[in-house]
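Here is a friendly walk through a multi-chain model, with the structure placed next for you to follow along. Please keep the viewer open as you read.

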Amino acid sequence: MLDLSPFRRAFEALPAAAQTGERRKALDAFLTAGFPSTDLEEWKYTNLAALASLPEAALQPEAELASATGHGDALDALNAAFAGGVTELRIPSKTRREEPIRPSDRAHQRHRLYLERGSEATMILNSSGDGVFETIFADIELEAGAQLHLIRLNDAGADSHRITRINLRLSRDACCDVVTVDLGGRLSRHDLNVDLAEPGAAIHLHGLYAPTGDGHVDNHTRIEHRAPHCISREQYRGIARDKARGVFNGMIRVHKDAQKTDSEQRIANLILSPGAEINAKPELEIYADDVKCAHGATFGQLDDEALFYLRSRGLPESTARALLTWTFAHEVLQHIRLEDVRGRVTKRLLRQLPNTEQLEALQ
Amino acid sequence: MLDIQNLHARIEGKDILQGIDLRIGAGEVHAIMGPNGSGKSTLSKLLAGHEDYTITDGTVSFDGADLLELNPEERAAKGIFLGFQYPVEIPGVSNMVFLKAALNAQRKIRGEKELDAADFLAWVKHRVKQMQMNPAMLSRGVNEGFSGGEKKRNEILQMLVLEPKLMVLDETDSGLDIDALKIVADGINLMRSKERSVLLVTHYQRLLDYVKPDYVHVLAGGRIVKSGGPELALELEEKGYGWIQQAA
Amino acid sequence: MSTNQEDIQALVRNRTYSAGFVTDVDSETLPPGLNEDVVRAISARKQEPEWLLEFRLKAYRRWLKMTEPKWAHVHYPPIDYQAVSYYSAPKSMKDAPKSLDEVDPKLLETYKKLGIPLREQEMLAGVQPQVAVDVVFDSVSVGTTFRKKLAEAGVIFCSISEAVREHPELVRKYLGTVVPFGDNFYAALNSAVFTDGSFVFIPKGVRCPMELSTYFRINERNTGQFERTLIIAEESSHVSYLEGCTAPQRDENQLHAAVVELVALDDAEIKYSTVQNWYPGDENGVGGIFNFVTKRGDCRGPRSKISWTQVETGSAVTWKYPSCILRGDDSVGEFYSVALTHHRQQADTGTKMIHIGKRTKSTIVSKGIAAGHGQQAYRGLVRVLPGAEGARNYTQCDSLLIGDKCGAHTFPYTEIRNPSAILEHEATTSKIGEDQLFYARSRGIAEEDAVSMIVNGFCKDVFKELPMEFAVEAQKLLSVSLEGSVG
């Protein structure tokens, strides 16, 4: 049995006023349930046991309190205990919020975002702390016709650990465009659950995960087509270096009444070093008959033809490789619509990929 | 041969045909022209028995039988052939297998003897040659990976093999270059006889240079708004559809 | 919706199972139940050597500690393993027949009904190419044809019981080396109580002169069939093996838990084809076979090749993943599958390709068809280990849905640990095209024939991998299975 007492001690170190009954209940729920076992299909490739042996300094529950807490599985409970409450935000009907929503960089965050009918917004969930364990949970609901551009970034240092979970619910004709980028961290697990609850809803997911060192990144996405005429597009790209491990699991479930579903999922992976590893599983569960669903997954080397073409134009092989690897990853970053964020992530990506110093000149 | 009276049809709650009257006698060639969305394709598919349409009023009789009572394969056996605007791909089923199954199914319903493999092969090869097609296409999947032009040519080949009585050709000329258009037109003309009739559904006058119609009808808003001889097609080509629609 | 979909569903509804008759044979059957005494009884009845009894007992003891796998996308009532009889043999077999002439005529009649001629002269009289046949009826093999001709080539083809008696050293050397006795719940059960099955040995450099084939039939009530097949292809040899399966129509579920092990040494090639038509249960899901099978091939030598082709139309529940361990450098694994589920049938099937050797290649083509209330899942694993430089995999899995009450699911696992590996996976799901149906019908083809034509076209990539006679049989089987699906 895993010793979870560091989590209890960290909690009990909070000021007494912050140790509310709600939070304690959540903490107890977590301590009772413990971390999910790797026997579970959903956790087959990711073992959270390492979190129990983090140094005490890494466990920093929030002292500040917000409103009510949520109820769910063990990880949800852990977040509820450590985040100390929910930050709520509502975008009024038919308005566009120009300023992107950027919650402060706390270690433990819990958000509830509500986009009313026909509203528009952009939200950035960022984790960039180092040496800290973070949990970020968000429930986001889009009413009819609402539009959201959601960016989840993780460019934290090599020694960070995090669990994030985003639940999205889309009503009629709502549209959400999500970009997730993982460029750092030792252990990250991200759940992204999408409910296409009413006809005409559309979700676009673009993800890049590029773990290095002994990093481990696990992305689990789940798209539930519950209503007819919904669209989902998903594209994830993985690049693993050194001894890093990438995990991708993408489930698409088309429920009985979701006729005319149009769904496509593309996963592409590059493994750059011996010792690196990627495990990918695109899943389809289909219970409706009038649907168009396709998924594809590839693993492979860079395109030899393209490599040859670049070299025939005079680029050294290492530069040509770097360039192709770069374009492979950059394809995802292009979908970030905020220029400053895209620029920052692009720079960070350049630092991360091999031989990219040779590319700086080409930029 | 074909007698359509006061035909009304709708799809997904939308009225497409709103009272069509059309008689086609044996040996006649009719052309139906009209702007996009006028109901041309609906009429063609409906004649072949497509089940997406609901007939709300009117009658269609073919050789004295109530056509609307028959399912698509029964209509085919009776001699109705629809040349599709967008021919369908059936992967893995070769043209040869498909044609043989179709021909023999029709012959069976008509109480005729089914063709054996050798006779069938000879017959198909003869037709393939007439359409100037590569016999190798027979072992490829039905329309699988065919270009738009190849698909249209394949439609005419099927027509030559099956020898129907009434040929309904839905925009068979679209997407063809001039050489292919001539081959397709030759195929249609080859089939013309005193017993057979043709209904050409088209947007352009081009095909009518090669297949001379006896009658031309203009379809607009789900109704035939004007009928005339071949000169009507030329007039339409010159003036467009605007004046007809206004007149209607 | 148009009436078309309803019609198609009606077509699928009234399927008839032509192999559903029962043969009235006097059988000797062990009472239901499983314990060490039963394991010993089976072993004793088969006069097995001590080491094999030990193998069985080890497996049994391991099995007791194991639990049924629950991860498959199938649902069925709990199985009472104590209600199953683990051994049933026709009585007339007690003094094992020396040749087919001594086989009970009723059995020969059974196989004749199934369209499998057992007498060599009958086969010779036919126009079909020669196929050597082993036949397993409930728990025992009832006869193998063409032995002499095969023996001349050095090929051993007999029941596994006979192989234990006649070639114990070969059986001992290879049995359980591909599927260990504790591999999984059903494999452990099989290792404890397996009764019969086929044994094939192709010596070095020999190309087996004819197709080898085994027909399995469950006849007796309340029995399970636990066959065990072992095929060994020595260096540079080649063999093509076919198996067919049927069972009578009964209201209760019957258990079939087989283990098949293939070993291909350097440059050897094994082609293994299955047409599985166990009784699927009726349209309400009453009765039918639970088909829980472990099939695995070991490409042990360099440049060896193992190819699985399966056409799965029967069984109430199927749990089956014919797999390849690509150990030898440059070895090749293939899996071609057509699985059809309708009424209340459920199938969770696919393959595992484990790339260990350098430049190993695998190809997976899976075609799933779901109709009625059928549930269909493809589950596959492609694993590339760090040493598998230059490994390649291509996977294509397509699903076709007929009607709106069925389901089709895809669970492809990829675990890649080598930078030079190249994999491509494509999956599509679509319903049978109404435009395709209308097109075919407008040319005069009846709806039922059009459905069967389109489905056969969908499966063509797999059928072309089957030996000719089987391909014809498989196509017919699909058509029969879809009979009555449009009204």
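## Two helices of chain B

α4(B) passes α5(B) in a right-handed crossing; a crossing counts as right-handed if the near helix is turned clockwise from the far one by less than a right angle, and as left-handed if anticlockwise. Helices (H or I, at least four residues) and strands (E, at least two) are DSSP runs, numbered from the N terminus. The axes of α4(B), residues 117-130, and α5(B) come within 9 Å and cross at roughly 135 degrees. Axes here are lines fitted to C-alpha atoms, for helices over the stretch in contact, with angles running from 0 to 180 degrees between N-to-C directions. The two helices are therefore oblique to each other, given that angles under 35 degrees count as roughly parallel, over 145 as roughly antiparallel, 65 to 115 as roughly perpendicular and the rest as oblique.

Which residues of α4(B) meet α5(B)? They are B:Trp123, B:Val124, B:Arg127, B:Val128 and B:Gln130, and their counterparts in α5(B) are B:Leu157, B:Leu160 and B:Val161. Ala, Val, Leu, Ile, Met, Phe, Trp, Tyr, Cys and Pro count as nonpolar, Asp, Glu, Lys and Arg as charged, and the others, Gly among them, as polar.

## About the model

This is a predicted model, in which local features need pLDDT of at least 70 and side-chain atom pairs count only at pLDDT 80 or more, while totals for chains, interfaces and linings use all residues. Residues are numbered from 1 along each chain as its sequence is written, and chains are lettered from A and ligands numbered from 1 in the order in which they are written.

## The open sheet of chain B

Chain B has an open sheet of 4 strands in the order β2-β1-β4-β5, with antiparallel pairing; strands pair if DSSP finds at least two bridges between them. β2 (14-24) and β5 (65-66) of chain B stand at the edges with a single partner strand each, so one side of each is left without a neighbour in the sheet.

β1(B) and β2(B) pair over 8 bridges in the antiparallel sense, with B:Arg10 opposite B:Asp15. These strands form a hairpin with 2 residues between them, and B:Glu12 in the turn has a positive phi of about 45 degrees. On to the next pairing: β1 (2-11) and β4 (54-62) of chain B run antiparallel, joined by 7 bridges, and B:Asp3 has B:Ser61 as its bridge partner. Helix α1 (40-48) of chain B lies across β1 and β2, running at about 70 degrees to β2(B).

## Where the chains meet

In the pairing of chains B and C, 23 residues of chain B are in contact with 19 residues of chain C, contact meaning C-beta atoms, placed from the backbone, within 7 Å. On the chain B side, α2 (72-78), β7 (90-94), α3 (95-109) and α5 (148-162) each supply at least two residues. That side divides into 14 nonpolar, 6 polar and 3 charged residues.

Chain C also touches chain A, with 30 residues of chain C in contact with 31 of chain A. The elements giving two or more residues to the chain C side are β22 (407-416) and β23 (422-431). This side has 13 nonpolar, 11 polar and 6 charged residues. Across the boundary, β14 (277-286) of chain A pairs with β22(C) in the antiparallel sense over 6 bridges, and A:Leu284 stands opposite C:Thr410.

How values were computed: Two residues are in contact if their C-beta atoms, placed from the backbone, lie within 7 Å.
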